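The sequence and the structure are shown first.

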Amino acid sequence: MTTITSRCPHCHSMNRLPIERIEANPSCGRCKKGLLQGAPIEGTQANLSALISGDKPVVIDFWAPWCGPCINFAPTFTEVATQNTTARFVKVDTEDQQQLGAQYNIRSIPTLMVFKQGKVVDTLNGALPAGQFKTWLAQALLK
């Protein structure tokens, strides 16, 4: 059985999760809240492949802590993540996860990507206001 480790978006504790349980809406071992829903998930080299290959669409925000537009966009991304139940929302810190930035050819940040069953269906470079982000996301999820 292969596992991934994911940080709870609510209490920030680390959880080991069998890949087979990703689609079963697992709960955090500490706070018992949804481990993969309701808030953006921290994307890492260890868990991203398993997250994007599931049945649920995945929206990834590639960002960095030194990036002003990334920091300003973060509350919008989190707000939409808490409201949207049709997709998983993942944040990848390109400073900590440089290999993922290289793997997905991230040249500017923030970069947003939407995946369906492991394949990129849309990409957006730059931050958007909440209304425009929701409109872009709705169109991207239809692809």
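Cysteine 70 is buried, at a relative accessible area of 1%, where buried means under 20% relative accessible area, exposed over 50% and partly exposed in between (1.4 Å probe, protein chains only). The model is predicted, so local features need pLDDT of at least 70 and side-chain atom pairs count only at pLDDT 80 or more, while totals for chains, interfaces and linings use all residues. Residues are numbered from 1 along each chain as its sequence is written, and side-chain values use heavy atoms, with hydrogens and water left out.

**Cysteines**

The structure holds zero disulfides, a disulfide being a pair of cysteine sulfur atoms within 2.5 Å. For cysteine 11, the closest cysteine sulfur belongs to cysteine 28, and the 3.6 Å between the two sulfurs is too far for a bond. Cysteine 11 counts as partly exposed, at 23% relative accessibility.

**Aromatic pairs**

Seven aromatic pairs are present in the structure. Rings of Phe, Tyr and Trp (its six-membered ring) pair if their centres lie within 6.5 Å; planes under 30 degrees apart count as stacked, over 60 as edge-to-face and the rest as tilted. Two of the pairs involve phenylalanine 73.

| Pair | Centre to centre | Angle between planes | Class |
|---|---|---|---|
| Phenylalanine 73 and phenylalanine 77 | 6.1 Å | 50° | tilted |
| Phenylalanine 73 and phenylalanine 133 | 5.1 Å | 85° | edge-to-face |

Phenylalanine 73 and phenylalanine 77 are four residues apart in helix H2, which means that about one helical turn separates them. Helices (H or I, at least four residues) and strands (E, at least two) are DSSP runs, numbered from the N terminus. Phenylalanine 133, by contrast, lies in helix H4 (residues 130-142), so its pair with phenylalanine 73 of helix H2 ties together parts that are 60 residues apart in sequence.

Phenylalanine 73 is buried at 1% relative accessibility. Phenylalanine 77 is buried too, with a relative accessible area of 0%, and phenylalanine 133 counts as buried at 0% relative accessibility. Ring pairs join Phe73, Phe77, Phe89, Phe133 and Trp136 in a cluster.

**Asparagine 84**

The loop between helix H2 (68-83) and strand S5 (88-93) contains asparagine 84, which counts as buried at 19% relative accessibility. A polar atom of the asparagine 84 side chain lies 3.1 Å from the backbone nitrogen of alanine 87. Neighbours within four places in sequence aside, asparagine 84 is in contact (heavy atoms within 4.5 Å) with Phe89, Leu137 and Leu141. Phe89 is also one of the residues in the aromatic cluster.

Notes: A polar contact is a pair of N or O atoms within 3.5 Å; within protein, one must be able to donate a hydrogen and the other to accept it, and residues adjacent in sequence count only if both atoms are side-chain atoms.
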